[in-house]
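Hi everyone, thanks for making time for this.

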Amino acid sequence: MKYAPAALTDEHIHQLREIEHHLSAAAGEELILIAYTQQSDEPESLNKRETDH
């Protein structure tokens, strides 16, 4: 499987930033969360995604 950055809404980004803040405080160092979406290895699926943008 391949992974690409996930398309996130503003609400998702806000929630991730809140979670990052809480985890960073608990860990004692800054953490950054990155959201990915799973993609198929099939060329047809990858080509469709590229043309959808």
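I'll begin with the whole chain and then turn to a few residues.

First, please keep in mind that this is a predicted model. The mean pLDDT of the protein chain is 80, and 74% of its residues reach 70 or more. Where does confidence run highest and lowest among the elements? Helix α1 has the highest mean pLDDT, at 94, while helix α2, residues 43-52, has the lowest, at 54.

Now the layout. We have two helices and two strands, and going along the sequence they come in the order β-α-β-α. Of the 53 residues in the protein chain, 9% are buried. The chain exposes about 4700 Å², with carbon and sulfur atoms supplying 53% of that area. As for contacts between residues at least 6 apart in sequence, 62% of them join residues at least 24 apart.

Which side chain of opposite charge is nearest to Glu20, and how far away is it? That would be Arg17, at 5.4 Å. Glu20 is buried, yet it has no salt bridge; the cut-off for one is 4 Å, between a side-chain nitrogen of Lys or Arg and a carboxyl oxygen of Asp or Glu. So what does Glu20 touch, once we set aside residues up to four places away in sequence? The list is Leu31, Ile32 and Leu33.

Beyond its neighbours within four places in sequence, Leu23 is in contact with Leu31 and Leu33.

Is Ser24 buried or exposed? Buried, because its relative accessibility is 15%, and the limit is under 20%. Past the neighbours within four places, Ser24 is in contact with Glu29, Glu30 and Leu31.

Finally, let's go to the surface. Tyr3, Ile32, Ile34 and Tyr36 form a nonpolar patch there, with about 510 Å² of accessible area together. You'll remember Ile32 as one of the residues that Glu20 touches. Ile34, another member of the patch, is in the loop between α1 and β2, the latter being residues 36-39. Ile34 counts as exposed because its relative accessibility is 58%.

That's my tour; I'm happy to go back to any part of it.

Notes
Residues numbered from 1 in each chain as written. Heavy atoms only, no water. Buried < 20%, exposed > 50% of the residue type's maximum accessible area, 1.4 Å probe, protein only. Lys, Arg positive; Asp, Glu negative; His and termini not counted. Contact = heavy atoms within 4.5 Å. Patch = residues over 30% accessible without salt bridge, like charges linked within 9 Å, V, L, I, M, F, W, Y side chains within 5 Å. Areas by Shrake-Rupley, 256 points an atom, 1.4 Å probe, with all protein chains shown as cover. Helix = DSSP H or I, 4+ residues; strand = E, 2+ residues; numbered from the N terminus. pLDDT = per-residue confidence, 0-100.
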